[in-house]
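Here is a short briefing to read alongside the coordinates. Have the viewer open and follow the topics in whatever order you like.

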Amino acid sequence: MSAEHSESSAAAPPAPTDFIRDLVAQDVATQRYAKIITRFPPEPNGYLHIGHAKSICLNFGIARENNGQCNLRFDDTNPAKEEVEYVDSIATDVRWLIAGWADHCLGFKPKGAHPVAVTSNGRPDFHRAAVPPSTPSDQLPTASAEPFFASDYFDQLYEYALTLIRKGKAYVCDLSPADTDKYRGAPDQPGRDSPFRNRTVAENLDLFQRMKAGEFPNAARSLRAKINMTAPNLWLRDPLLYRIRHVPHHHAGDKWCIYPLYDYAHCLSDYLEGITHSICTLEFVDHRALYDWVLESLDLPRALPHQYEFAKLHIGYTIVSKRKLLQLVTEKVVSGWDDPRMPTLSGLRRRGISASALRTFVTSVGVTKFDSVTEVAVFENAVRNDLNPVAQRRLAVLKPIKLILTNIAADETIECDATNNPQDENSTTRKVALTREVLIESDDFAEVPPPKYFRLKPGGEVRLKYACIIRCDEVVKDASGRVTELRCTADLTTRAGGPNVDRKVKGTVHWVSATQSIAAEVRLYDRLFNVAEPGAEEDFLKVVNPHSLEVVTARLEPYLAPAKLEDRFQFERLGYFSLDAKDSAPGRLVFNRTITLKDTWAKK
RNA sequence: UGCCCGAUUGUGUAAUGGUAGCACAAACGACUCUGACUCGUUUUGUCUAGGUUCGACUCCUAGUCGGGCAGCCA
């Protein structure tokens with residue numbers, strides 16, 4: 001993806017503020033940490049979506065505003081759900097989103113590196129630092145650098161578990177999953193101690209080592225934190241730390257058959273990387289006590305990270321749930337994770353939306369603890385604002401109707417100057433050919449016009465953009481009564497440079513020459529869902545918009561033939577378009593409609 | 001009925017005891033060779049009830065409403 005135009009064309013917007021940045025600012029002021037380090041920690045079990053963009057911009061934004069660093073870390077502690085395909089797509093998407101903005105803050109580690117034993121404050125410690133900040137960010141990842149992986153910490157995590165056991169803070173439990181559930185109690189009902197809760201340290205050590213050695217089948221035993229089975233906070237009722245899972249891991253290989261759970265692995269991964277501010281979404285508020293318990297129980301030598309929570313991004317008419325997005329893919333409602341109708345970063349990118357538009361949008365919605373739903377209009381506004389100043393204007397007709405200019409000879413070509421971008425005062429122009437046979441949008445003609453219709457009607461006049469005013473003299477129909485062509489006369493005195501160039505008519509329409517234009521496939525996307533909150537639906541698949549994709553064969557001015565993937569166009573009066581990255585090829589143009597123009601007439 | 005989080009205009013967000021502001025949306029108007037852009041004008045708000053205070057969106061108390069939590073998922 002090319003030009004990050006928003007950075008060059010406008011002064012940097014004021015740095016956003018929110019309650020998390022305020023807390024970071026306090027920590028900076030009190031010099032609580034030597035350097036602010038955040039992290040973006042997706043589980044590689046799906047593609048990144050627009051909700052992740054909010055988290056990425058928050059974490060990288062805080063890093064860049066404080067001369068800090070933000071690590072990309074794969075939270076890959078559940079091999080059953082994770083795949084390398086997702087690892088690769090996530091790394092690509094993150095780098096695309098932050099390119100030219102915060103890539104100098106991106107923390108990667110030396111390839112294959114694990115935590116190393118160090119001495120911190122005079123005590124033994126483990127640490128996994130990023131590659132030196134001197135490494136040019138645009139060279140990451142390199143053959144020698146890669147993102148962080150929680151699975152690279154399995155050795156240390158295991159050591160920490162041994163420590164917890166020795167301190168009497170963890171025990172091996174033989175309860176079945178069903179019994180574990182029963183013993184946990186209920187929100188309004190205390191749990192009961194596991195019968196295995198008071199095993200000796202020696203016995204726990206032995207059993208845990210044998211768990212690791214693979215002596216027991218899946219789910220036969222688990223390692224649990226010994227906290228409080230009657231705690232009002234359910235996450236403190238002796239939560240599981242490790243489970244047995246005899247499956248290979250996409251990154252760690254087949255070395256392990258016990259895998260740590262999120263609450264145990266996440267806080268310690270943060271600690272190992274030297275994370276200072278661990279920012280996550282609201283559903284983890286209840287987990288914070290456990291996050292702190294694990295770190296504090298280990299009596300670690302360096303400053304501890306802290307967890308802060310904010311509200312997820314919800315957008316009207318959109319689904320942001322990895323599970324449901326996966327369902328759209330597997331049930332073939334869409335063509336894939338990168339279908340341009342998907343709210344995934346790869347889908348939005350393929351749709352023609354720039355990283356800067358996305359950043360502007362997710363930043364503009366703010367960061368709070370209020371569970372809100374942002375209207376799609378805000379997103380669409382950000383996309384249009386991003387495209388309007390840079391998109392090259394072109395003429396294209398999506399659903400043509402033929403028009404004969406009876407006073408122009410069949411072999412005549414009249415060259416007209418067309419502005420490439422009126423938003424740019426130094427805009428260049430190009431030539432478009434006016435010929436006897438012209439195509440206009442069928443929506444731009446009405447035999448029986450509604451009130452206040454500015455466009456072409458029998459006996460009416462309209463301007464062909466960049467050309468001249470025409471009058472509709474005759475409507476030609478076939479036997480079935482369908483309009484097949486319009487016979488019009490062109491008033492060539494209203495051309496640029498002509499004596500009547502200033503003559504006004506209410507309507508101006510776009511057009512292409514029927515003989516000097518090219519055909520192209522154009523994909524018109526509409527919202528994927530028909531209701532404002534598809535996620536709240538009992539079956540969200542029932543509210544899928546059946547008209548979310550319409551494919552037309554459009555006619556384009558020949559200037560569009562050499563279009564490149566990174567080019568952004570506005571087809572005048574229609575919307576913004578760009579080439580499809582997958583299906584377009586030289587000689588077979590396929591355009592995606594990124595977004596329509598605002599249309600206050602259509603609304604009426 | 002346990003614990004936790006939250007509530008500012010249609011939507012999102014700001015105001016950190018001192019003028020309730022901004023963006024989007026909506027309506028109207030100006031401009032217009034894009035019914036776009038741009039510009040102008042306008043409408044609508046502090047969940048409720050008490051309290052503290054010269055003064056409360058902000059602090060306190062009680063309530064109401066909404067959300068989250070009982071995976072060997074993250």
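The notes below go through the RNA contacts, the domains, the salt bridges and the cysteines.

This is a predicted model. A search of the whole structure finds 45 salt bridges and 0 disulfides.

**Around the RNA**

- Of the atoms of RNA strand B that come within 4 Å of the protein, 63% belong to sugar and phosphate.
- By class, the surface near RNA strand B has 27 nonpolar, 25 charged and 14 polar residues.
- At least two residues of this surface come from each of α6 (177-184), β11 (240-244) and α13 (376-387), and α6 gives the most, with 4 residues.
- The side chain of Arg573 has an N or O atom 2.6 Å from a phosphate oxygen of RNA strand B.
- For Glu375, a side-chain N or O atom is 3.0 Å from a sugar or linking oxygen of RNA strand B.
- For Asp286, a side-chain N or O atom is 3.0 Å from a base nitrogen of RNA strand B.

**Domains**

- Chain A is divided into domain 1 (16-151 + 267-312), domain 2 (156-257), domain 3 (392-513) and domain 4 (518-596).
- Between domain 2 and domain 4, the C-alpha centres lie 51 Å apart.

**Salt bridges**

- Asp18 and Arg21 form a salt bridge whose closest N and O atoms are 2.7 Å apart; Asp18 is buried at 7% relative accessible area, and Arg21 is buried at 11%.
- In helix α6, Arg184 and Asp181 sit 3 residues apart, about one turn of the helix, and their salt bridge has its closest N and O atoms 2.8 Å apart.
- Arg184 is partly exposed at 27% relative accessible area, and Asp181 is partly exposed at 46%.
- Lys431 pairs with Asp417 in a salt bridge, with the closest N and O atoms 2.7 Å apart.
- Lys431 lies in strand β19 and Asp417 in strand β18, so this pair ties together parts that are 14 residues apart in sequence.
- A network of salt bridges links Asp338, Arg350, Glu521, Arg523, Asp580, Lys582, Asp583 and Arg588.

- Cys57 is in no disulfide, and the nearest cysteine sulfur, in Cys70, is 10 Å away; Cys57 counts as buried at 5% relative accessibility.
- The closest cysteine sulfur to that of Cys280 is in Cys267, 12 Å away, which is too far for a bond; Cys280 is buried, with a relative accessible area of 9%.

Conventions. Residues numbered from 1 in each chain as written. Chains lettered and ligands numbered in written order. Predicted model: local features only at pLDDT ≥ 70, side-chain atom pairs only at ≥ 80, totals over all residues. Heavy atoms only, no water. Near = heavy atom within 4 Å. Polar contact = N/O pair within 3.5 Å; in protein donor to acceptor, adjacent residues only side chain to side chain. Nonpolar A, V, L, I, M, F, W, Y, C, P; charged D, E, K, R; others polar. Disulfide = S-S within 2.5 Å. Buried < 20%, exposed > 50% of the residue type's maximum accessible area, 1.4 Å probe, protein only. Domains from an automatic or database assignment. Salt bridge = Lys/Arg side-chain N within 4 Å of Asp/Glu carboxyl O.
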